[in-house]
Amino acid sequence: MEILDKSIRNLKGIGEKKESLLNNLGIKTIKDLIYYFPVNYENRKKFVNIVDIREDELVSIRARVKSKPSIYRPRRNMSIIKIAVEDGTDTAYLTFFNQNYRFNQFNIGDEIYISGKAKVRGLLKEFNSPIVSKKLGGNTGIGKINPIYSLTKGISNSELKKFIKEGLKYREEIKDIPIEIKREYDLLDIDKAIEIVHFPEDRENYIKARNTIAFNELLELQLSLLILKNRRITNSANIVFPNRSYLEEFKSGLEFKLTNAQIRVIEEIEKDMESDRQMNRLVQGDVGSGKTIIAVYSLLKTIKSGYQGVMMAPTEILARQHYNSLKRELEKYDIEIGLLISNLKASEKKRTIENIKSGDIDIVIGTHAVIEDDIEFYRLGLVITDEQHRFGVNQRAKLSNKGRNPDILVMTATPIPRTLALIVYGDLDISIIDEMPPGRKEIKTYGRRYNSRRDIYDFVQKQIKNGRQAYVVCPLVEDSDIMNLKSVESVYKELKENYKSLRIEMLHGRMNGVEKDDIMIRFKDREIDILVSTTVIEVGVDVPNANIMVIENSERFGLAQLHQLRGRVGRGKYQSYCILLTENRSQISTERIKIMQKTNDGFIVSEKDLELRGPGEFFGLRQHGVPELKLAKLPRDLNILSKVQILTMDIMKEDPYLNSKKYNRLKEIVNKKILL
């Protein structure tokens with residue numbers, strides 16, 4: 001095992017208790033510790049004269065102790081120590097609470113260094129609990145730029161800084177990219193860059209070090225994904241589907257007309273399926289753009305060519321919806337479709353598994369149940385994953401391994417900015433459905449404060465009396481003592497009391513699959529007027545009659561999620577509304593509401609979401625199997641990404657598997673990535 005992969009317990013000062021606390025921060029190995037970068041910095045290099053101190057400005061001063069410390073005891077178990085200091089320009093006072101050792105720490109005339117934020121009241125200048133030292137540097141960081149880390153209870157910033165310094169003793173073990181690349185792009189050695197980001201001397205060096213690490217991260221990730229893509233393209237055992245289209249026959253049996261965008265994407269998929277390389281294609285389309293029918297046609301071509309197909313959805317509700325859609329659309333083709341979810345009876349599940357293995361089932365629709373070890377396919381030709389952002393690369397690979405290099409189609413209704421898609425789905429070809437079916441009315445979106453909440457629900461009641469239905473989404477299942485937010489249970493109770501004539505139900509993730517399915521089916525069948533829910537309905541059953549979406553505490557959701565929730569309505573012929581309730585007046589909350597009111601285009605929303613929150617939060621959770629970017633951020637680092645993408649393409653043309661001596665180091669780095 002390489003030293004960097006060893007446990008942090010191997011470092012001085014880290015015992016069992018500290019190891020457990022560091023594990024809470026995601027720090028398990030020495031490498032994790034080295035790459036645990038500061039979230040902020042305090043500049044303790046800025047020295048000023050006492051006379052020039054300004055209110056709440058973080059400064060350092062060099063001063064002498066002016067008089068003997070005084071101690072006050074305003075109440076039991078409370079002591080306040082004050083020390084007067086001077087520097088020849090003015091006097092300041094240092095105040096310490098319950099730090100009795102300070103009383104005898106300094107003598108009159110001692111020269112000391114002080115860092116902190118001062119309170120200025122008229123001519124009085126006072127530091128509350130400042131950092132004080134008799135010398136520069138050391139653990140106090142006075143005279144330096146001091147890193148600030150994200151912490152957990154039980155570990156202080158100075159402790160973590162000390163541990164990181166221990167870890168940095170092994171920084172030279174970090175594998176670096178080729179020296180030719182570093183020279184061409186004016187990059188630092190990676191070990192030097194990491195040390196500087198933790199303990200920068202000045203802004204200029206910090207920027208260069210940060211950019212070096214960002215460049216390395218993006219280069220390693222892009223190379224990993226492109227090598228995956230090359231392996232797929234050159235694999236000789238791929239399925240080649242017959243060069244025959246069933247599109248005209250398929251279109252003639254539909255009750256609606258396909259859009260030009262849908263036809264274009266189908267043709268891209270057909271070309272992939274008929275080629276001698278494995279298809280790995282991402283289909284992006286906004287909510288309601290018609291991705292499912294593209295999946296249906298792809299599965300039809302698969303079955304007509306003598307293979308089986310499988311489609312994996314993130315929830316049982318969505319799996320059942322796809323199952324019913326496919327049964328309806330493929331009814332006339334004599335195709336056997338099976339449903340595989342955790343909630344099946346044991347006997348039914350056993351029979352379904354046997355029929356998949358024997359080939360008696362042509363298409364399997366399911367949840368994570370389809371990637372369980374006991375599932376075997378007779379002749380798997382096509383794998384489709386829906387709402388891919390909820391699955392990881394490893395899960396996609398596990399499903400793919402159920403066959404001999406089956407073609408893979410990945411679908412998402414979460415529009416992803418192209419710049420981010422190139423990173424997260426860099427091993428996939430991308431198709432975009434950029435056209436909505438005709439006749440869809442634009443959803444009207446409004447941001448409202450809670451003082452108009454009663455009026456909003458009266459409007460909801462009026463719409464329901466006209467035959468419509470409504471969703472109400474809350475951030476919590478039940479009330480919390482910690483967070484003052486609306487919960488499903490409290491809003492459900494409130495609406496039941498105030499609107500007795502309406503049929504109201506609640507839905508949340510703590511319910512079992514049968515309960516959730518039953519409620520969604522009843523809502524679809526118009527047996528429920530208002531469904532009060534958590535975001536479990538973000539991906540759910542189509543209910544064309546539902547035309548109102550009320551989102552309580554909308555500031556608690558990201559833009560992309562708000563757009564997904566809004567997409568639950570606007571699916572029928574009726575004018576639909578999305579109402580965002582909030583009392584939060586922060587700049588980011590206000591900006592989100594403005595964007596939602598301004599556009600219904602998911603791709604514009606996703607770009608804005610990326611700008612506001614960055615890629616780390618964009619998906620809500622880190623992708624399983626996608627290496628985490630520690631310092632690289634989009635869109636801030638688009639200029640670095642552009643350089644990296646040009647470089648990776650050049651490297652791939654020159655040496656697609658990094659086999660040459662020139663790229664030995666890069667190959668070692670890439671082979672360490674989780675993706676490989």
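Me: To start, how many aromatic pairs does the structure hold?
Reply: The structure holds 9 of them. Rings of Phe, Tyr and Trp (its six-membered ring) pair if their centres lie within 6.5 Å; planes under 30 degrees apart count as stacked, over 60 as edge-to-face and the rest as tilted. Keep in mind that this is a predicted model: local features need pLDDT of at least 70, side-chain atom pairs count only at pLDDT 80 or more, and totals for chains, interfaces and linings use all residues. Residues are numbered from 1 along each chain as its sequence is written, and side-chain values use heavy atoms, with hydrogens and water left out.

Me: OK, what kind of pair do Tyr-41 and Tyr-206 make?
Reply: Their ring centres are 5.3 Å apart and their planes are at 70 degrees, so the pair is edge-to-face. Tyr-41 is in strand E1 (residues 40-43) and Tyr-206 in helix H6 (residues 203-234), 165 residues apart. Helices (H or I, at least four residues) and strands (E, at least two) are DSSP runs, numbered from the N terminus.

Me: Is Tyr-206 buried or exposed?
Reply: Tyr-206 is buried, at 18% relative accessible area, while Tyr-41 is partly exposed at 23%. Buried means under 20%, exposed over 50%, and partly exposed in between (1.4 Å probe, protein chains only).

Me: And what about Phe-250 and Tyr-297, why is that pair called tilted?
Reply: Because their planes are at 55 degrees, with the ring centres 5.3 Å apart. Phe-250 lies in helix H7 (residues 247-252) and Tyr-297 in helix H9, so the pair ties together parts that are 47 residues apart in sequence. Phe-250 is buried at 2%, and Tyr-297 is buried at 1%.

Me: New topic: what order do the strands of the 7-stranded open sheet have?
Reply: E12-E13-E11-E14-E15-E10-E16, with parallel pairing. Strands E12 (337-340) and E16 (429-433) stand at the edges with a single partner strand each, so one side of each has no neighbour in the sheet. Two strands pair if DSSP finds at least two bridges between them.

Me: How many bridges join E14 and E15?
Reply: E14 (residues 380-386) and E15 (residues 407-412) pair over 5 bridges. In that pair, Val-383 stands opposite Ile-408 in E15.

Me: Last one: which ring does the charged end of Arg-468 sit over?
Reply: The ring of Tyr-574, 3.6 Å from its centre. For that, NZ of Lys or CZ of Arg has to be within 6 Å of the ring centre and within 35 degrees of the ring normal. The charged end of Lys-165 sits over the ring of Phe-199, 5.2 Å from its centre.
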